[in-house]
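Please report on the aromatic rings of this structure and on one of its helices. Keep it short.

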Amino acid sequence: MENISELEATLLNGLTEKYPSLKPHIPHLKVSKRQISGFSLYVYFSYVDFNEEPEMINSLFSNGEKIMTPALKDGLSYVIDVTAGMIEHIEFSTYKEQWDGTFGEYQIVESEIGN
């Protein structure tokens, strides 16, 4: 299992601003698997030494942001899956561009969808 990346931690912190009861979960998260599938990267989490009773939250969370990286013309969207009060995974998706799942440099910007 791997530690969560800086980007993943930043996105999870945005999640905990909306759902403060999830903040104590973050130090217990480890990446159990990263799975690339052409246009998407799935980052699956496991909990380590977490014994709290989770609040019953079910959410697909995105903060209205886009992740820009030089490797992708249109950047990435993301969604964090919280099921039964547990942070399950983050899905990063391109806008129909092939991608190898690596980030390198990135910038989080407000999404222009709908503007």
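Y42 has 21% relative accessibility, so Y42 counts as partly exposed. Y44, at 25%, is partly exposed too. The scale runs from buried (under 20% relative accessible area) to exposed (over 50%), with partly exposed in between (1.4 Å probe, protein chains only). The model is predicted: local features need pLDDT of at least 70, side-chain atom pairs count only at pLDDT 80 or more, and totals for chains, interfaces and linings use all residues. Residues are numbered from 1 along each chain as its sequence is written, and side-chain values use heavy atoms, leaving out hydrogens and water.

There are four aromatic pairs in the structure. Two rings of Phe, Tyr or Trp (its six-membered ring) pair if their centres lie within 6.5 Å; planes under 30 degrees apart are stacked, over 60 edge-to-face, the rest tilted. The table includes two of the pairs.

| Pair | Centre to centre | Angle between planes | Class |
|---|---|---|---|
| Y42 and Y44 | 6.2 Å | 20° | stacked |
| W99 and F103 | 5.3 Å | 75° | edge-to-face |

W99 and F103 are both buried. Together with F92, they form one aromatic cluster.

The charged end of K33 sits over the Y44 ring, 5.0 Å from the ring centre. The criterion is NZ of Lys or CZ of Arg within 6 Å of the ring centre and within 35 degrees of the ring normal.

Helix α1 covers residues 6–18, 13 residues in total. From first C-alpha to last it reaches 19 Å, close to the 18 Å expected at 1.5 Å a residue. That expected span is 1.5 Å times one less than the number of residues. Helices (H or I, at least four residues) are DSSP runs, numbered from the N terminus. Among the buried residues of α1 are L7, E8, L11 and L12.

Notes. Helix = DSSP H or I, 4+ residues; strand = E, 2+ residues; numbered from the N terminus.
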